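Please work through the following exercises with the structure in view. Each task is followed by a solution in steps.

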Amino acid sequence: MRRIKFKSGLACLIFAALLFAAIPGFCAVTQTAVIATAAADYSSGAHAVASVDPVGGPRVVETEILPTISDIGVAAYGQYFYRIEKFSADNITKFDISAPDTAIWQYSTMDADDGDTSCNPHSMIFVSAEKAYVLRLGSTKAWIVNPAATTEDDFKIGELDLSDYADSDGIPEMDTGVIVDGKLFITVKRVDRNNSWAPTNTAYIAVFDTSTDIEIDTGITNADGLKGIP
């Protein structure tokens, strides 16, 4: 792990996730950025953490933490962050920001009926500390999960079915999302993986009620007869 100190204005970083943690004995809340990094030749990847406060710097950055594949992303909720290993790795690892090099758990995102095809988890969107959605690019099913689960058997608690959005390649290519006013908005790319991922179909935003996990009919007329927003 490398520790680097940056002065303000000397470096530009893209922060993939921000975490907030209270300091014992103080009322202030500090922020730390978690960054997914990849080698220039995509031969490997790792995560890094960077100080955010004070706003004007300087920054302290720790890099090359637990090297792995290059196809990774990160998500965060509260004091925890989650490293998502995507194509052909198919897992999520939980960390506490106070110990960014020590995994709390690592759980698979593969179902028994996924076979040998990577489910390719792309993002993790949080309702609370005990409920989140894992969007799986290579599947028709998003997972509903409990991030606080202490065993892998307790991690997956449900599914969202997006099979109606599947195109000719059999999958809808769900990618990322956001929760606003109790509604989960999911981007569904509907690209053709059998044709170099060409954007041959209309993309959609599918909308789900986070209290019932039932898809909402947005009432927007579209040629595909789907409930989402084209």
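**Exercise 1.** Determine in which strand L66 is found and whether L66 counts as buried, partly exposed or exposed.

*Solution.* L66 is found in strand β5; strands (E, at least two residues) are DSSP runs, numbered from the N terminus. The model is predicted: local features need pLDDT of at least 70, side-chain atom pairs count only at pLDDT 80 or more, and totals for chains, interfaces and linings use all residues. Residues are numbered from 1 along each chain as its sequence is written, and side-chain values use heavy atoms, with hydrogens and water left out. Next, L66 has a positive phi of about 50 degrees, although it is not a glycine. Most residues other than glycine have a negative phi. Finally, L66 counts as partly exposed because its relative accessibility is 33%; buried means under 20% relative accessible area, exposed over 50%, and partly exposed in between (1.4 Å probe, protein chains only).

**Exercise 2.** Identify the residues that cis peptide bonds join to P54 and to P58.

*Solution.* P54 lies in the loop between β4 (45–51) and β5 (59–68). A cis peptide bond joins D53 to P54, with omega about -5 degrees. P58 is also in the loop between β4 and β5, and its cis partner is G57, with omega about 0 degrees.

**Exercise 3.** Describe how β12 pairs with β11 and with β13.

*Solution.* Strands β11 (residues 131–136) and β12 pair in the antiparallel sense over three bridges; pairing requires that DSSP finds at least two bridges between two strands. A132 has V145 of β12 as its bridge partner. On β13 (residues 156–161), β12 is joined antiparallel by five bridges, and I144 has G158 as its partner there.

Notes
Helices (H or I, at least four residues) and strands (E, at least two) are DSSP runs, numbered from the N terminus.
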